[in-house]
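Welcome! Here is a short tour of one protein model, written to be read with the structure open beside you.

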Amino acid sequence: MKSGSVEQKDYVTTIPFIFRAGLPIIKVTVNGHEGWFLFDTGAPNVLSKAFAEKLNLSSLATGSVNDSGGNTVDNQAYVLVSEINIGGINFKNTGAIIQDLSASAIFECLDFDGIIGANLMRTAHWKIDYLKKEISFSDALSKLKTKETYKTVLFKAKISGTPVVDIKLNDVTVKNLTFDTGSNGEISISRTALETLMKQETLKKTYSVGPQSYGVSGISKTDTIIYSTIARIKLGEVPLNNKVIEFSTDGHIIGTRFLKNYEIIMDWKSNQIYMAKHSEFDYDTVENFGFGLDYRNEGLFVGSLFEDVDSKNKLHIGDQILQLDTLDFENASADFICGLILESDWAYAKKEMIDITILRDNEKFSFQLEKINLLPSE
């Protein structure tokens, strides 16, 4: 995980990325074979099993790998990749893990061949421009840092190079959150931090139950997610006020739904992140129909439910969704559902009232659900 170097000297280059399900995907050539790769600071390099078969790599070791959903996969092969070419720049002799990226229906939708991870990124300086959908990288920070408005965040690097940062919630400092461009979530923190906060003051909160995210190994474990508005938040020099924080058993991530509001520069030489804001992070309330979605190969299902709302009395976790507002899923193809997931833009979410039809124990039920502000902003 610590090996690797860049062949070129005195370089700066810019490549485009595409958004799939709110995640940055780039085109990469590995040992002469072209593919699409997730640009993921929260992971090391990964090759899908299908892509790795083209490369004839020898396993150097095996080990266990934990994904962001709290799942552990054993006997994963570690390999050395002689050349990864990104935008004409050659990254030599970096480590990678070979994983089955088809284990999750969501990851099959993403349709990518692997991950460019932090163990490769640490050999250069990187800038992510979410507005232009561009990633620039260079041998020198000065070639990327062109603004005066950057706020600084210090980080520590894991063995894999993954950056972890501290965040301050009111007067409580929470340590070692993964700064994760490979997560399309918000700011997710361990529930133990919430318990500490609650000792200092009463906080308004709501919660949902069920598996609510996906990692490379599939859907996450069932968990209770608590949502609470925190008055004062500070990530390094970056201030936030009155934003919703999610608290869960394994919460430890700062994801792209937050990060995309900034231009970001990553500097592994000084262990600093530079962030220049271009839009407001708008997560200041929890307003929805009281349920979350779970996509499987068999179709779309109710994945999680909020407590103390109307949908809790009508829906069950695991109900198959046949009709969701104007969308028909009873006969929908996997490509149709994948398209909606990749766009991350569900029309029903913008409405105040929807109809839903579900299948439970081979019986159909239809309900009308009203959008509820579960955590009103003040």
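## The disulfide

C109 and C338 are joined by a disulfide, with an S to S distance of 2.0 Å. Please keep in mind throughout that this is a predicted model. Helix α2 (residues 105–110) holds C109 and helix α7 (residues 334–343) holds C338, so the bond ties together parts that are 229 residues apart in sequence. The link of C109 and C338 is left-handed, with -80 degrees about the S-S bond.

How many disulfides are there? The count comes to one. As for its two ends, C109 counts as buried at 5% relative accessibility, and C338 is buried with a relative accessible area of 14%.

## The six-stranded sheet

Next, have a look at an open sheet of six strands, paired antiparallel in the order β2-β12-β11-β24-β25-β13. The edges are taken by β2 (12–16) and β13 (151–154); each has a single partner strand, so one side of each is left without a neighbour in the sheet. From one strand to the next, the twist averages 20 degrees.

Within this sheet, strand β11 (residues 125–129) and strand β24 (residues 262–267) run antiparallel and are joined by five bridges.

## Around V165

V165 sits in strand β15 (residues 163–169) and counts as buried, at 1% relative accessibility. Which residues does V165 touch, leaving out those up to four places away in sequence? Its contacts include V153, L154, F155, V174, L177, F179, L235, I254 and I273, and also K175 and N176.

## Aromatic rings

Searching the whole structure gives 21 aromatic pairs. One of them is Y150 with Y274, an edge-to-face pair at 6.3 Å centre to centre and 70 degrees between the planes. This pair links distant parts of the chain, 124 residues apart: Y150 is in the loop between β12 (134–138) and β13, while Y274 is in strand β25 (residues 272–277). Both Y150 and Y274 are buried. For F258 and Y262, the ring centres are 5.2 Å apart and the planes are at 50 degrees, so this pair is tilted. F258 and Y262 are buried too.

One aromatic cluster is formed by F289, F291, F329, F336, W346 and Y348. Finally, two arginines are worth a look: R296 lies over the face of F301, 4.0 Å from the ring centre, and R360 lies over the face of F365, 5.0 Å from the ring centre.

Notes: Residues numbered from 1 in each chain as written. Predicted model: local features only at pLDDT ≥ 70, side-chain atom pairs only at ≥ 80, totals over all residues. Heavy atoms only, no water. Disulfide = S-S within 2.5 Å. Helix = DSSP H or I, 4+ residues; strand = E, 2+ residues; numbered from the N terminus. Buried < 20%, exposed > 50% of the residue type's maximum accessible area, 1.4 Å probe, protein only. Pairing = 2+ DSSP bridges. Axes fitted to C-alpha atoms, helices over the stretch in contact; angles between N-to-C directions. Contact = heavy atoms within 4.5 Å. Phe/Tyr/Trp six-rings, centres within 6.5 Å; stacked < 30°, edge-to-face > 60°. Lys NZ or Arg CZ within 6 Å of the ring centre and 35° of its normal.
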